[in-house]
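The sequence and structure come first, and the description follows.

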Amino acid sequence: MDSFKEHLQGIFKNDDSKSRKIGLALGSGAALGAAHVGVLRALEEYDIKPSFIAGTSIGALVAALYAFGKSVDEIEEIAISLDWLDISDIRISRLGLLSNDEMGDLVEEHLGEVTFEQANIKLAVVATDISNGEKVIIKEGRVSDAVEASACIPVIFEPVEIDGRMLVDGGLLESVPVSALKEFGAEFKIAVDVKAFRKYKRPDDIFDVLNNSLEIALIHLAHVRIEDVDIMIQPQLGDYSRMDTNHTKEMIDLGYEAAVDALKNVK
């Protein structure tokens, strides 16, 4: 393993033998985002340290925790303890069935009322302005608000207002936030796409209908392109539902395996 680590470190150096700035993009996928934890564990084992990290939806939550110094073990504990009801609250309104306030509260519970400027690793979160269809890359202000907005599934959750913008899930426009890494100036880009091998089941309720509708549309409209990144990590999560938090540990393990496989194929 040591020789392979040395091989990887050589890949991450530029022509002047200086370490290239690595960017890591964690994609959307609700409960499937548990796989991001396994990816982080694999990257740490191979001494790969991102200079920049960006997240969309559940990827924004994991990215924020990691950017502010939470260990992989700590993030795994948080992921395993999560339940759908932990990150949503009933609040019928004109704009959504539920409130996503609990997601912001979760961030503040573990990180406090932090701002992007306080992060240990430069952080960006991607959301969508539902008023005009623009992608919004958030790199300043309160982290809890940004994560809450990025994970705000439209219709299910009320939009989150930040600086006069009405924001919802960033996955509408960019499921894996590679563009944020480009804005940072990342010289080597690693993308984690947890929705690459989706399978669908017959809907049981309105949430399943909405979930399937969004995924079917977004996999064509907002899918990350392999040619835009240097390493693409795509865990085999097709048999798992993005609403199911009962198989978190298995998805973490699959994320780890996919990351190791992807790293071993780097030339």
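A residue counts as buried under 20% relative accessible area, as exposed over 50%, and as partly exposed in between, with a 1.4 Å probe and protein chains only. The model is predicted, so local features need pLDDT of at least 70 and side-chain atom pairs count only at pLDDT 80 or more, while totals for chains, interfaces and linings use all residues. Residues are numbered from 1 along each chain as its sequence is written, and side-chain values use heavy atoms, with hydrogens and water left out.

**Overall content**

The protein has 267 residues, of which 54% are buried. Its secondary structure comes to nine helices and 11 strands; these are DSSP runs numbered from the N terminus, helices being H or I with at least four residues and strands E with at least two. A contact means heavy atoms within 4.5 Å. Among contacts between residues at least 6 apart in sequence, 74% join residues at least 24 apart.

**Salt bridges**

A salt bridge is a side-chain nitrogen of Lys or Arg within 4 Å of a carboxyl oxygen of Asp or Glu.

| Salt bridge | N to O distance |
|---|---|
| D73 and R41 | 2.9 Å |
| R142 and E108 | 2.6 Å |
| R165 and E134 | 3.2 Å |

The salt bridge of D73 and R41 links helix α4 (residues 72–81) with helix α2 (residues 35–45), across 32 residues of sequence. D73 is partly exposed at 48% relative accessibility, and R41 is partly exposed with a relative accessible area of 24%.

In the salt bridge of R142 and E108, R142 belongs to the loop between β6 (134–138) and α6 (143–150), E108 belongs to helix α5 (residues 101–111), and the two are 34 residues apart. R142 has a relative accessible area of 37% and is partly exposed. A network of salt bridges links E108, E113, R142 and D145.

R165 and E134 form a salt bridge. R165 lies in strand β9 (residues 165–169) and E134 in strand β6, so this pair ties together parts that are 31 residues apart in sequence. Both ends are partly exposed: R165 has a relative accessible area of 28%, and E134 has one of 37%.

**Aromatic pair**

Rings of Phe, Tyr and Trp (its six-membered ring) pair if their centres lie within 6.5 Å; planes under 30 degrees apart count as stacked, over 60 as edge-to-face and the rest as tilted. By this rule there is one aromatic pair. The ring centres of F52 and F184 are 5.0 Å apart and the planes are at 5°, so the pair is stacked. F52 is in strand β2 (residues 52–56) and F184 is in helix α7 (residues 178–184), so the pair ties together parts 132 residues apart in sequence. F52 and F184 are both buried.

A charge sits over a ring if NZ of Lys or CZ of Arg is within 6 Å of the ring centre and within 35 degrees of the ring normal. The charged end of K139 sits over the ring of F184, 5.1 Å from its centre.

**Helix packing**

Axes are lines fitted to C-alpha atoms, for helices over the stretch in contact, with angles from 0 to 180 degrees between N-to-C directions. The axes of α4 and helix α9 (residues 248–264) come within 9 Å and cross at roughly 140°. That makes α4 oblique to α9; angles under 35 degrees count as roughly parallel, over 145 as roughly antiparallel, 65 to 115 as roughly perpendicular and the rest as oblique. E76, A79 and I80 in α4 meet T248, K249 and I252 in α9.
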